[in-house]
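Here are my notes on this model, for reading alongside the coordinates. The points move from one chain to the other and end where the chains touch.

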Amino acid sequence: MSKKILVVDDSKTALMMEREIVERRTTYQCVTASDGLEAVEKAQLERPDLVLMDVVMPRMNGFEACKRMRQQPGTREIPIVLVTTRGEESYMEAGFQSGCNDYITKPVDGAELVALLQSYLGE
Amino acid sequence: MNGDKHTATATKSSGAGMNDLRLEAARKRLSESSSQQDAIEGLREIVANFVGSEEIGLFKVERRAATFKVYWSFGIDPENYDLLRSLGEAGLQRVMRGECHVVLPSRDRGAVVRVQAFVPIRFANQTVAILAILRLLPQKISFDRSDMELFKLLSEEAAKPLFGSSVHSMPVEGPGMRA
């Protein structure tokens, strides 16, 4: 059974692109959510093998969603990679404080993203 | 302003296959827009996520007054932004002819000239609007070949989703307009 990635972004364009990369360049399955709150719910329901999540989103941002997932037993151990336009060190630090495992900046390089996913999930 | 202006050429690509996916996603996002407002949001998302900029202006060419009108902007104050000053007369002529115009980062009498791109939005062989990308995110230094391919796609395919049926009444008089 192939591994499952939860891709979270409020941008339809980013979601479309990241989904295309996952589904066409890897063997993983993809499920999506369009904000942090939906991501927390879907993570509980779908139990993905990895979460790839934007930071700036309506209803609940990526940092808060990351914290919530870390508090819940069913999602505590899932690797979380945050994706954002902000590359400052303080911002990245806030990401790690929220419990993420990795942090990548936009614009996302597709090849780098695939390599990162494979480093967590294997080929 | 004497930044190193030219019609951009390739510097590097992040992989042809990945770039095809990016172009396909951009095309799909624009063509599937449910309204002009959604197409504008799509354009913002494409520039933010694929190019790496959050300072954008879209200037519609106004035929009768021979000027440019701010159609939409994000991350800039359009009242205090002078399109022609950034673009220059030569740059304007290129863009009106349908060429993408890129300003590479440089220094002009001590002042920093930022990387910028001006993309003609074309319809029926006319430039009907100019997309100005005015600053890149700090982690991105300059434009690359894949950005140029994306600009070409926007130039050729964005007019109808962005302007809807009004695009048919948007012919222009050519370069030499006032910003």
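**Notes on the two chains**

1. Start with a pair in chain A: A:Ile5 stands opposite A:Cys30, a residue of S2(A). A:Leu6 likewise has A:Val31 of S2(A) opposite it. Bear in mind throughout that this is a predicted model.

2. Both pairs concern the strands S1 and S2 of chain A. Strand S1 (residues 4–8) of chain A and strand S2 (residues 29–33) of chain A run parallel, and five bridges join them. What does the chain pass through on its way from S1(A) to S2(A)? It passes through helix H1 (residues 12–25) of chain A, in a β-α-β crossover that is right-handed.

3. Now the whole sheet of chain A. It is open and has five strands, in the order S2-S1-S3-S4-S5, with parallel pairing. Which strands stand at its edges? They are S2 and strand S5 (102–105) of chain A. Each has a single partner strand, so one side of each is left without a neighbour in the sheet. On average, neighbouring strands are turned by 20 degrees against each other, direction ignored.

4. Chain B next. Its secondary structure amounts to five helices and eight strands. Read from the N terminus, the order of elements is β-α-α-β-β-α-β-β-β-β-β-α-α. Of the 179 residues in chain B, 41% are buried. Consider also the contacts in chain B with a separation of 6 or more: 67% of them are between residues 24 or more positions apart.

5. Strand S7 (residues 116–123) of chain B deserves a look. Is S7(B) mostly covered or mostly open? It is mostly covered, with seven of its eight residues buried. S7(B) pairs with strand S4 (residues 101–104) of chain B in the antiparallel sense, over three bridges. Within that pairing, B:Val102 has B:Ala117 of S7(B) as its bridge partner.

6. S7(B) also pairs with strand S8 (residues 126–135) of chain B. These two strands run antiparallel, joined by seven bridges. B:Leu131 in S8(B) is the residue opposite B:Val119. S7(B) and S8(B) form a hairpin, and two residues lie between them. Check the turn: B:Ala124 there has a positive phi of about 50 degrees.

7. Helix H4 (residues 145–157) of chain B passes a length check. Its 13 residues, at 1.5 Å a residue, should span 18 Å; the end C-alpha atoms are 18 Å apart, which agrees. The buried residues in H4(B) are B:Ser146, B:Asp147, B:Met148, B:Leu150, B:Phe151, B:Leu154 and B:Ser155. When reading such a list, recall that an α-helix has 3.6 residues a turn, so residues three or four places apart point the same way.

8. Last, the interface. How many residues of chain B are in contact with chain A? There are 21, and they meet 17 residues of chain A. On the chain B side, helix H1 (16–31) and helix H2 (36–51) of chain B are the elements that give two or more residues. H2(B) gives the most, with seven residues. By type, the chain B side divides into nine nonpolar, six polar and six charged residues.

Notes. Residues numbered from 1 in each chain as written. Chains lettered and ligands numbered in written order. Predicted model: local features only at pLDDT ≥ 70, side-chain atom pairs only at ≥ 80, totals over all residues. Helix = DSSP H or I, 4+ residues; strand = E, 2+ residues; numbered from the N terminus. Buried ≥ 20, exposed ≤ 12 C-beta atoms within 10 Å, placed from the backbone. Contact = placed C-beta atoms within 7 Å. Nonpolar A, V, L, I, M, F, W, Y, C, P; charged D, E, K, R; others polar. Pairing = 2+ DSSP bridges. Right-handed = clockwise from strand over helix to strand, strands pointing away. Expected span 1.5 Å × (residues − 1). Axes fitted to C-alpha atoms, helices over the stretch in contact; angles between N-to-C directions.
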